[in-house]
Amino acid sequence: MSDEAGPSTIRSEAPERPLPSTPFYSIEYPGYVKPESVPLAVSNLGGPSRLETAFKRTAAKNEALLELNLRPGNPFAHPIPGDIVGTNNILLKVARRKRRQADGECIGEFTAEAVGIVPKTARFRSMADYQFQPDMNDPLAQLRLAMDRLDVDAIRQYSIPEEKEDYVVPASTHPPELDPALAEQSEQSSGPRSNLRLFPPPLFSRQNVPQNYNFKANPASIVTSHINEETGEERKRLINKGRWKGHGPMTIAFSDPNVPEGPPPTVENARPQANNELLNRILVFMNERPVWTRAALYNQFSPAESREIHNSKVLMPLAGYMFSDGPWRDAMIQFKYDPRKELDARIYQRIYFRNANHPVARPSVVARRQEGRSAATYINRSIEQEESFEADRRKSHIFDGITLTKETAAFQLCDIHDPMLKEMIEDDENLREVCDERDGWYSAQALERIKTVLRHKFFSLLQGYVATQEECEALLEQDAAGKSQTTRIKRLKFGKHNMAKGALRPEDAAAARLQATLDRNARNLQASRRELHGGRSLQTADNSR
């Protein structure tokens, strides 16, 4: 700044004043407060003690909350929540002095003085909750008031009133506690109003801060008209034309008397979307063999064709139906074919049991794709290896007792080519006259023998060796003596969907577990006795020497 500057550029420093350290607390009360109404405002905030607790320095987070109750004494009124926030404000004391001049004009002089700091402020900037006022003359409302007053006599005298069934009353009648302006609006509205004696919950909305909804209608939704055939009333609905519609095979229960004769109308309407070439090939396979598992049917196609069948969602529902329980559960069955009425359908029964050692975690999709698409994989594989790999994939649903193709056991009896098991499956001596929901056409003993041998052979392959026929025959003899029930049913729970898996009923399973525990304790006792007897024999021999 040069010395030639005019008088308008002259600056004067503001005088320094000491800042008092006296703390004050501020409340931004959402309402009009007059000097005579300050006690009422403090009472609505919970009283001086509640304010002191909220403003103290060591207050916990749940204690630093204030609630403004604009209708004190009403337990059904929802308060307005408030927060204690830190501020750096200064409390000023402003005084105005009036001085009258000689000509009668009044001149005011203002003086400001800092009297303290405001480190904390109570603010009520959250949205108020919805309010609902029930009829305070209702006995239940009176009981609520009596509980607040701790009126034991009123609580003991309460009894459930007789139901009047006056759920709807004329709109002209309104509760006496209703605001007159609202009552006038309700009288203008025609029609009855609800009188269900509903009492509000402790909280209607959990949203404290208003959110930007930014609603945008779905551009694929169109307005359609729907006419009620009984009343003739027309209603308009929004239908999403772009919604993906999935289809699945028709499923029935084993107890249903009839089987589907064709696909449902919704699937039939989607027939133009299906690949006719693949559909015709599937129908040819269904004619040759009326019952297929998905794995067995997929193995009849190339990997690309199997993927297309799986992703189509229309081809399989057009080809057959499924059972939700029973011996043919989760298998695709040709339309109009009822395996419950055909004795020859026993070879299509499905046997499934879990492998407890099978890992649940599967490799990620990215890892499998990278492994399959890597150039090194295709370079290192010769044509013979590719053909061998494809041949093994097409036989993954077949069990021959020698080769292990997968780590889970889910086979149809017709896909079991093991000689010993095949002989047991084709044996027609132990068959039923009526199909059973659990065992199908086989007797319980015959099917259990098949499962025992299949289970032993399968888990032997998992352990790295081929089970011999002598082992299986010894196992069957042991089962006949009733000594090997527990290893099969320990992990199975009885239920409608597990009946085809060999699960026993709860009482039979409990008896089997008890018998297994007794047998185990007996073996342990015998082993301990043998050890004790062996130790005594050695001690006697040493003494004789």
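A strand, labelled E, is a DSSP run of at least two residues, and these runs are numbered from the N terminus. In this predicted model, strand E3 covers residues 80-100, and Leu91 lies in it.

Leaving aside residues up to four places away in sequence, Leu91 touches Phe24, Glu113, Ala114, Val115, Gly116 and Val118. One of these partners, Phe24, is 67 residues from Leu91 along the chain, yet the C-alpha atoms of Leu91 and Phe24 are separated by 7.7 Å.

The next stop is a helix. Helix H2 runs over residues 48-55 and includes Leu51. Leu51 has a relative accessibility of 11% and therefore counts as buried, the limit for that class being under 20%. With residues up to four places away in sequence again not counted, Leu51 is in contact with Ile27, Val42, Leu45 and Leu66.

Strand E7 takes in residues 221-227 and strand E8 residues 234-240; the two pair in the antiparallel sense, over 7 bridges. Within this pairing, Ser221 stands opposite Asn240 in E8. The hairpin of E7 and E8 has 6 residues between the strands, and in this hairpin Gly232 takes a positive phi near 75 degrees.

Note on methods:
Residues are numbered from 1 along each chain as its sequence is written. This is a predicted model: local features need pLDDT of at least 70, side-chain atom pairs count only at pLDDT 80 or more; totals for chains, interfaces and linings use all residues. Side-chain values use heavy atoms; hydrogens and water are left out. Helices (H or I, at least four residues) and strands (E, at least two) are DSSP runs, numbered from the N terminus. Contact means heavy atoms within 4.5 Å. Buried means under 20% relative accessible area, exposed over 50%, partly exposed in between (1.4 Å probe, protein chains only). Two strands pair if DSSP finds at least two bridges between them.
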